[in-house]
Amino acid sequence: MTQPVSSAQQGGPDRGAAPAPVPGPRTKDAPPRGRGPRVDVRNLSLIGVLAVLIAVGGITEPDAFLDTGNLQLILTQASVIGVVTVGMTFVITSGGIDLSVGAMVALASVWATTVATQEYGFAGILFTAIAVGLAAGLVNGLLVAYGRMVPFIATLAMLASARGLALQITDGKTQIVTVTSVLDLGLPDSYVLGIPPLVMMFAAVTVIGWLVLNRTTFGRRTVAVGGNAEAARLAGIDVRRQRLLLYLLSGLCCGIAAFMLIILSGSGQNTNGNLYELDAIAAAIIGGTLLSGGRGTIVGSVLGVLVFTTITNIFALNNLQSDVQQIAKGAIIVAAVLVQRRTSEHGET
Amino acid sequence: MAPEPPLLTMSGITKSFPGVRALDGVDLEVQAGEVHCLLGQNGAGKSTLIKVLAGAHQPDGGEITWRGAPVALKSPIAAMRLGIATIYQELDLVEGLSVAENIFLGHEPTTARFVVRTREGRTAAGALLKRLGHPEIDPASPVGALSAAQQQIVSMARALSHDVRLIVMDEPSAALDPDEVDNLFRIVASVTADGVAVVYISHRLEEIRRIGDRVTVLKDGRAVAVGLPAESTPTHDIVAMMTGRKVEYVFPPRTTSRPGADATEPVLTVEGLTRKGEFAPVDLELRPGEIVGLAGLVGSGRSEILETVYGARRPTAGRVKVAGKQLRPGSVRAAVAAGIGLAPEERKAQALLMLESVTRNVSVSSMSRFSRAGWIDRGAERRAAREATRELSLRPDNPDTPVRTLSGGNQQKAVLARWLLRGCRVLLLDEPTRGVDVGARAELYAVIRRLADEGLAVLLVSSEVPEVLGLADRVLVLREGRVVHTADARELDEHRVLDLVMEGSPTS
């Protein structure tokens, strides 16, 4: 039985040393710029869905839908939930889940709009919103990473208590923002080249999120922990620290989103961010992030958010009730996951 | 022989898995009321054979005759209906359910086929447990609260709760104390007295002499001896049949003269390393360029020692030093930082990121080398990964290949490349050729020897004795968590190691 051995040994160095055959590697070298060809296909299909939606909107309500103001509205509405979804994408990519995002947005938005906070003006509101988000995220992270709690349970507990705390702070009342420098950011006067500041913030978070996930050691570790936590640990990665940082990141995104929501609504309410957790998870999943972890795509998540927001807008313009919207959202989630299942099965076997 | 046909006849059973021919024409014949022992080294095909018998694997070829009539064991349920019950080494009990519920799982006594008659089940379970000599086990208590030995009894009771004619037991004594083993043997004797046949798998020759009637020996997926008398066949004959393999591996030559090898300072020093219940204090020194092998059976503490050295398990006592500097115990990161690398036993579950490319699998432990302030220089990363994989002639020679598409041997090379790139000084290899086909093995052996020649210290664990003897310079033989022998690999042969490894139950 020495024959296959010797032939393998001969073949090895030869093939290794010889210049690689030109066509094979070249074509394979091209795509990995992104996150692999399959993800690109998925993003393409979401772009297709978005194009169809825009066509539907343009045909059914040509004047109202394609109006600049309406397009600005769609993007603005997508911005708040979009920032939350970027954080959620990181957490899901690492194999976790954060059910408390909506509650964290609510808590941060009311804490940042109390009379006491507003005395410190713009900086006070911004700082408080982010600090509260980070603090809540830190608690989540400590519970998951060092308390060894299942993320679902730990963040479910945070969901309940953060909402409760938000209600306690506001006593159920809407806290009107009087700081004009904050409110100005929501007015058309502040638009740059027709782009609302909120949309620019969303764009900035998206770009930074993409870079962090795809170009940094932090992103690599996130994917590794989600793909195979045991292998990551045995490869020398500090898995617990990474998990802590990820929930902290999600909290940070919620703090930013809360600040954006304050600008958008001119107030802080304990009902803010209601069901954001479901929207963010749904957007990440239809975007192509694996709920089981190990693969995540920021671009997909953002497209997912845009699809949902556009649907909501079209349905509202056509005077369809929210019950129909909900059914359509559900159908889209199912369809997207079924398509993903098929592509990943094709890819894996 | 009695005019009655044998209870079970298997002839020419074949079964292949991707890259491996697990069963290559196995014959087995079992008579009613006998204890038939199945012997063979790890990987000889015992597990596959009993899974075929349990209906869990479908054979590719061969015939199975049950009480004189040909049968197909299409599913575990089909095997159970015929009266074949299997007790696996890893007990398959539901911990949250009660003893009685476990025993009658799937065939509960019911009213209108729907409502479980709990009391009736408990009474019947109590009767079975009494018959097995364990009336003290409460049928109502949860299985999770029982000891390993008691759980084994519950598995037995489950087997007997069916109308059973053949019980297959996979290493039932592995987790038992000596007096519990005695009780197990009493039970085996009592069921065989009722005409039930037992297929008994064990590594302990002594046990086989005590309870076995006949022995079938498997080697490399073939039955090399069928139905030998268990009492009178000499140990040496049995060991000889288990060894002497069909496939001769090609091992790279040892670096015979390493002048002053003993003079060099050990790079890895293990002092009195202990984990309660897993292995007794181990002392070990590894010098650069040296390959040291740990030989022993599954459960002898081999992998546990490796993982404790690596910090993946926290030792109860003892120290690990790299180049004289003591490591923080129980910290993988400390071990990796000091220059230790591990290629674990379960490659897919413990080492690889299956969704990722070769590059990312190789670079995962050295990311800081290609990054500044967390920002990865992907060009440098890819070049370094390509260089490391080329050095090991990993194929295909494209670092963007998804790692899941590689063969077992090349996946192992990806893991080795990870540590090569990291620049580690001590490499821990746990079953480095598991799931690697024969041709690729020799290549891996050559790679490992070359890494050692380049100054790496290698600690090798393998259940294949020839692999340890052929590759290592020095061998530690383990039995039941204890080092029982240390010797130069050239002074040992396979028989000697197997004798040491299987020498009955622990005497100390």
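**Exercise 1.** In what order do the 6 strands of the open sheet in chain B stand?

*Solution.* This is a predicted model, in which local features need pLDDT of at least 70, side-chain atom pairs count only at pLDDT 80 or more, and totals for chains, interfaces and linings use all residues. Residues are numbered from 1 along each chain as its sequence is written, while chains are lettered from A and ligands numbered from 1 in the order in which they are written.

Step 1. Strands are DSSP runs of E, at least two residues, and helices are runs of H or I, at least four, both numbered from the N terminus. Strands pair if DSSP finds at least two bridges between them.

Step 2. The order in chain B is β6-β9-β10-β3-β11-β12, with mixed pairing.

Step 3. β6 (84–87) and β12 of chain B are at the edges with a single partner strand each, so one side of each has no neighbour in the sheet.

**Exercise 2.** Describe how β11(B) and β12(B) pair.

*Solution.* Step 1. β11 (residues 214–219) and β12 (residues 222–229) of chain B are antiparallel, over 5 bridges.

Step 2. V215(B) is opposite L228(B), and V217(B) has A225(B) as its bridge partner.

Step 3. The hairpin has 2 residues between the strands, and D220(B) takes a positive phi near 50°.

**Exercise 3.** Which residues touch the most other members of the largest nonpolar core?

*Solution.* Step 1. Such a core is a set of buried Ala, Val, Leu, Ile, Met, Phe, Trp, Tyr and Cys residues joined through C-beta atoms within 7 Å; buried means that 20 or more other C-beta atoms lie within 10 Å of the residue's own, with C-beta atoms placed from the backbone.

Step 2. Among its 164 residues, V458(B) and L460(B) touch the most other members.

Step 3. Helix α15 (residues 438–453) of chain B gives the most to this core, 9 residues.

Methods. A residue is buried if 20 or more other C-beta atoms lie within 10 Å of its own, exposed if 12 or fewer, and partly exposed in between; C-beta atoms are placed from the backbone.
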